[in-house]
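Subject: A structure for you to look at

Hello,

Here is the structure I promised to pass on. Please open it beside this message, and my notes on what turned up follow below.

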Amino acid sequence: MKTCPICNVESNEIEEHGESLYRKCLICNLLWRDPPHEDSTGYYESVNPTYAINQSKQELYQAVLRKAEKYLSKPGSVLDIGCGVGGFLDIAKDRGWETFGIEPVEQLVEIANSRGHSVKSGVLSTQKKTSSRFDLITYWDVLMLVENPLDEIQRAADLLLDDGLLFLRVRNHKVVRKIDEFWKIAGTQTGFKNPAVFHPFNYETATMKKLFAKNNLEFQIMGGALTSGDAYGVGKKGKWVEYTKRSFGLFSSKVEQMSGNRYIFSPTLETWAKRRIASTG
Ligand SMILES: [Zn+2]
């Protein structure tokens with residue numbers, strides 16, 4: 001894949017990370033693995049980090065739902081893509097949302113359905129067309145694994161009700177790259193695993209802006225709040241990870257506030273989008 005799957009422009013540089021070859025788009029800064037796909041569902045089946053991840057994201061889940069409720073003026077219907085066992089949907093249901101999901105790992109689909117959510121197996125791009133539309137569609141750290149990000153977001157936008165909201169949390173690759181560089185210099189002796197992870201698709205602010213603009217979406221992008229603790233089991237000493245993340249989180253959110261969100265240092269980005277509706281005025 002030589003053309004950027006988001007810009008469709010053939011202007012990129014080759015990089016190597018670990019055993020894999022990557023391409024970095026010089027227009028939108030998307031970094032993608034070439035070829036992008038290897039089946040990652042095996043990881044979620046064998047390790048199943050879902051419960052630890054859900055636990056660490058409780059506060060983030062509540063905050064996102066509060067924001068959506070404020071905008072919509074009440075809870076509505078929510079579709080969570082890659083919903084796992086339904087940890088986010090559980091909280092949404094408690095708050096009065098109608099809860100739907102799509103999840104590729106079959107065992108997780110069963111668990112999510114048994115918790116009272118309406119979850120289909122598979123991925124968005126293979127779902128049959130339906131007339132269902134949603135007030136809120138969410139992607140919690142899922143966009144790095146989809147088949148085609150541009151097509152994925154187009155499909156999600158088509159499933160939104162007129163005033164519906166799209167929420168995506170992604171890794172901020174610009175920061176992950178810095179962590180990787182830093183770790184290569186100073187981290188190898190610390191006994192921690194390299195916390196910088198390279199996914200099939202890696203995004204930064206410019207990439208997300210391009211992705212939304214191409215799909216005619218209005219958007220807002222912020223540095224994300226951090227999960228608490230060490231949900232992905234990266235560090236050996238959880239307390240150190242917790243402390244570092246908290247102080248880094250405080251530091252980065254301060255800089256973001258002061259710069260009017262121009263400098264985003266958080267290793268995650270939280271992005272909100274809604275359909276751009278032609279003005280009639
Ligand atoms: Zn691009």
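A word on terms to begin with: helices (H or I, at least four residues) and strands (E, at least two) are DSSP runs, numbered from the N terminus. The expected span of a helix is 1.5 Å times one less than its number of residues. Please note that this is a predicted model, in which local features need pLDDT of at least 70 and side-chain atom pairs count only at pLDDT 80 or more, while totals for chains, interfaces and linings use all residues. Residue numbers start from 1 along each chain as its sequence is written.

The chain holds 9 helices and 11 strands.

Let's start with helix α3, residues 58-72. Its 15 residues should span 21 Å at 1.5 Å a residue, and the end C-alpha atoms are 21 Å apart, which agrees. Leu60, Tyr61, Val64, Leu65 and Ala68 are the buried residues of α3. Viewed down the helix axis, they fall within an arc of 125°, so they line one face of α3; the arc is that of the directions from the axis to the C-beta atoms. An α-helix has 3.6 residues a turn, so residues three or four places apart point the same way. On the face turned away from the buried side, α3 carries the exposed residues Glu59, Arg66 and Lys70. After the helix comes serine 73, with a positive phi near 70°.

What covers the buried residues of α3? The cover includes α4 (87-94), β7 (134-140) and β8 (160-171).

Two of these strands, β7 and β8, pair in the parallel sense over 6 bridges (strands pair if DSSP finds at least two bridges between them). Isoleucine 137 has leucine 166 in β8 as its bridge partner. On its other pairing, β8 joins strand β11 (residues 268-275) in the antiparallel sense, also over 6 bridges, and phenylalanine 167 stands opposite tryptophan 272 in β11.

Elsewhere, there is an open sheet of 4 strands in the order β1-β2-β3-β9, with antiparallel pairing. At its edges stand β1 (12-17) and β9 (201-202), each with a single partner strand, so one side of each has no neighbour in the sheet. Isoleucine 14 has arginine 23 in β2 as its bridge partner.

Enjoy exploring!

Definitions and conventions. A residue is buried if 20 or more other C-beta atoms lie within 10 Å of its own, exposed if 12 or fewer, and partly exposed in between; C-beta atoms are placed from the backbone. Two residues are in contact if their C-beta atoms, placed from the backbone, lie within 7 Å.
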